[in-house]
Amino acid sequence: MTDTARIPDKPALEGLEAKWGGVWESDGTYRFDRSGATREAMYSIDTPPPTASGSLHIGHVFSYTHTDVMARFQRMRGKCVFYPMGWDDNGLPTERRVQNYYGVRCDPSLPYDADFTPPFEGTEGKTIKPADQVPISRRNFIELCERLTAEDEQQFEALWRTLGLSVDWTQTYRTIADEALFTSQLAFIRNVERGEAYQALAPTLWDVTFRTAVAQAELEDREQPGHYHRVAFHKPGGGHVEIETSRPELIPACVALVAHPDDERYQPLFGTTVTTPVFGVEVPVVAHHLAQKDKGTGIAMICTFGDVTDVVWWRELGLPNRAIIGFDGRVIADAPDAIASDAGREAYAKLAGKTTFSAKQAVVELLRESGDLLADPKAITHPVKFYEKGDRPLEIVSTRQWYIVNGARDEPLRQRLVDRGREIDWHPDFMRVRYENWVGGLAGDWLISRQRFFGVPIPVWYPLDGNGDPVYDEPIVATREMLPVDPSSTPAPGFEESQRGAPGGFVGEHDIMDTWATSSLTPQLAGGWERDPELFDLVFPYSLRPQGQDIIRTWLFSTALRAELEHGVAPWANAAISGFIVDPDRKKMSKSKGNVVTPAGLLEQHGSDAVRYWAASSRLGTDAAFDPQNPTQVKIGRRLAIKVLNAAKFILGFEGAADAAVTVPVDRSMLAGLASVVEQATRALESYDHARALEVTETFFWTFCDDYLELVKERAYGEPSPEQASAVAALKTALRVLLRLFAPFIPFAAEEAWSWSNEGSVHVAAWPTVGELAARGEAGVELLELASLALTGIRRAKTDAKASQKTPVARAVIAAPEPAATLLASAEGDLRAVGRIAELRFDTAEALEVREVVLEIPAEEASA
């Protein structure tokens, strides 16, 4: 029964987030309770752990709302919902933020200072030059990383609570916590034991700013200005071969010229040699199918290494390595051994120590002097590879790194990964193609080692030979019992700390794992793999992986890979892929573009339900435009939430029980229509189409308020009678159903209105079913629609006459086709009451129309 004391005089959205957030937390409304749970009753979500550095943006609110709608729906369906939240602490974004926030940089050679105080506190937004950053020990640096991420995580959690995410906050994990270190290192050790992780000295994409290796998944092409230089390579018997290159500074690293095997222009040259200009090195002319006949002159130089195609050529053609670019992006001091002439070495000396930009200018000048520059450089714009977080073009250097197999060189594994992708239900389905395209286009195994500081240490040491040199081919891998472990501070198994760095001793691996090597294990991290077998068996494989479309190639793929290698299964049954948030010019919002909107102010101004409504109105996989100056959809959502509160207050003010008999045809017609809405909304949510579920519910709600409620309110206000009881029962029944339908989308308004007449939370109430409405809604749904159209026509007649809607009607004639006219007659009482009609007649016609409305206009109004 309704407790009128619970209903405020003026319902409002303000303050509902704090009120109900506190209640949900104290009552454990969203607490995951596994006691007695079965695998069949579980609904587990592999929630994206946001990067805990900086601030959340509107895109986070967008996609996380989509997930929360599904969590709330499944909970109301009776599922035991496992909905954890993780924080992605480690990695480059955190390090960069710490450097700028505190004005420090890490120098692993420095000792730990227990009393260290950073020079700055909160300089975020300003970029402090590396030269001005105070160098500190690795341990001091990591402590600052942990301090700052902990502060960020508190702010993130507060915002998520304000948004109303129905997360179980007791199930939170951090990607740098001991549990995460244990899980990540154990999975890596298992990869090593099975031969899936290996170390190799190989060409590596390298960011010279951050001094770290970069994986294929972290690349992005950016259009950059450049120049083509037409250069002459000399034939042994005289004459020359012309090539065009955008990187003349790599001529001293040239190891061959290459053309397509079908290119008749160069077929006579295959198997011969030419000499490089300026540096005088003899290199072969070879054939390869990746050479492009229509690019430049059709013949190109292979350098070690200019781009990823050079790496492919170098590997497949068995060419020598003459790399000249160092880790700092400058030309190394020692010339390749192949440059043997005095003139060649003198020319190389002019390049040593220069940046690639300066070296390019120097080589161009040397080519001009030698006459080997055959034309003025031609300006071009071309795609250049960058680290996605970097601002300088990548170089390719030779480094020793750790890799995990990913199917690039293992066709059976590649096919298994494609097959696993097809076992997953993708929402929307076309996103699966992006996954398959990525798997099909892999060019190399997954490089997982990073030359950074804040992350999961690679649990490996290397023995030192008698000269103190590492024996990389005999790595010492940590045992499970040692985990988590940091090889830089813990001695290798079987050694003492005093043997670190000494001949015959050991040295620890300094590299850490790529952040995706930890994030790829979020199902295992959250689910307690190897720590809580009962929990893991309940939740894994998960029901849902929600995420953005831009990290299919990184997070989704890498998680699928680790699940296949470790468990031989797809890690989830469903993948829900959200679109991007774009600005009014349809440009993706990103920090680099400076068009990101932070959500805190938006939530405070409009309310969380309004913002959630905006997010839930967009389908998965669809980009949503957002204009912070005119957030139209947010305002519509606020209007809806307020209307829900006001409609609930109005309906609950009627005297009568919700379980009384619903006997009047128009009431039954309304409930029949609502039953159809329940069916459609349920089917949509089962198909992960939350936008459709919200759309059909909202459309019915406005019709319910504007038409049905207006149509029957006079009867509901009337003296007790079966007809009055029917109206009140129908209204209150509809309200209970609508509040549950709206609960996943506007949880605060739904909970507030629900609390006025129900015990317990709407969010753990049973999801509405067609069955609970079927017995009350046998009348056809068209009756309410016909009655609404008739009422609209009567109101329009009063408006056209410039009369009040309270003006009595002496006589009205409504015409409709025979079946419709008969149906309308069953709503005569409500039409007469709400329209204040004295005489109402129904005629037949081809279409419904209000033919006649005779108003009883008072004399004073008529004379006016």
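User: Which residues of helix 2 meet helix 16 in this predicted model?

Analyst: From helix 2, Ile-58, Val-61, Phe-62, Thr-65, His-66, Asp-68, Val-69 and Arg-72 meet Val-611, Arg-612, Trp-614, Ala-615 and Ala-616 of helix 16. By class, this contact comprises 8 nonpolar, 2 polar and 3 charged residues.

User: Why is helix 2 called roughly perpendicular to helix 16?

Analyst: Helix 2 (residues 58-76) and helix 16 (residues 608-616) pack at an angle of about 85°, and their axes are 9 Å apart. Angles of 65 to 115 degrees count as roughly perpendicular, and helix 2 is therefore described as roughly perpendicular to helix 16.

User: What makes the pair of Phe-32 and Phe-82 edge-to-face?

Analyst: The whole structure holds 29 aromatic pairs. In the pair of Phe-32 and Phe-82, the planes are 65° apart and the distance is 5.0 Å centre to centre. Ring centres within 6.5 Å make a pair, and planes over 60 degrees apart count as edge-to-face, so both terms apply.

User: Which parts of the chain does the pair of Phe-32 and Phe-82 tie together?

Analyst: Phe-32 belongs to the loop between helix 1 (16-27) and strand 1 (42-44), whereas Phe-82 is in strand 2 (residues 80-82); the pair therefore ties together parts that are 50 residues apart in sequence. Phe-32 and Phe-82 are both buried. Through ring pairs, Phe-32 and Phe-82 are linked with Phe-536, Phe-540 and Tyr-542 into a cluster.

User: Why does Gln-633 count as partly exposed?

Analyst: The relative accessibility of Gln-633 is 30%. Buried means under 20% and exposed means over 50%, with partly exposed in between; Gln-633 therefore counts as partly exposed. Gln-633 lies in helix 17 (residues 632-652). Apart from neighbours within four places in sequence, Gln-633 is in contact with Tyr-613, Trp-614 and Ser-617. Between Gln-633 and Phe-32 there are 33 Å in space, C-alpha to C-alpha, and the two are 601 residues apart in sequence.

User: What makes strand 8 and strand 18 edge strands of the sheet?

Analyst: The open sheet has 4 strands in the order 8-7-16-18, with antiparallel pairing. Strand 8 (212-213) and strand 18 (446-447) each have a single partner strand, so one side of each is left without a neighbour in the sheet.

User: How do you know that strand 7 and strand 16 pair?

Analyst: Strand 7 (residues 197-207) and strand 16 (residues 395-404) share 10 bridges in the antiparallel sense. Thr-204, for example, has Val-397 in strand 16 as its bridge partner.

Definitions and conventions. Residues numbered from 1 in each chain as written. Predicted model: local features only at pLDDT ≥ 70, side-chain atom pairs only at ≥ 80, totals over all residues. Heavy atoms only, no water. Pairing = 2+ DSSP bridges. Helix = DSSP H or I, 4+ residues; strand = E, 2+ residues; numbered from the N terminus. Axes fitted to C-alpha atoms, helices over the stretch in contact; angles between N-to-C directions. Parallel < 35°, antiparallel > 145°, perpendicular 65-115°, else oblique. Contact = heavy atoms within 4.5 Å. Nonpolar A, V, L, I, M, F, W, Y, C, P; charged D, E, K, R; others polar. Phe/Tyr/Trp six-rings, centres within 6.5 Å; stacked < 30°, edge-to-face > 60°. Buried < 20%, exposed > 50% of the residue type's maximum accessible area, 1.4 Å probe, protein only.
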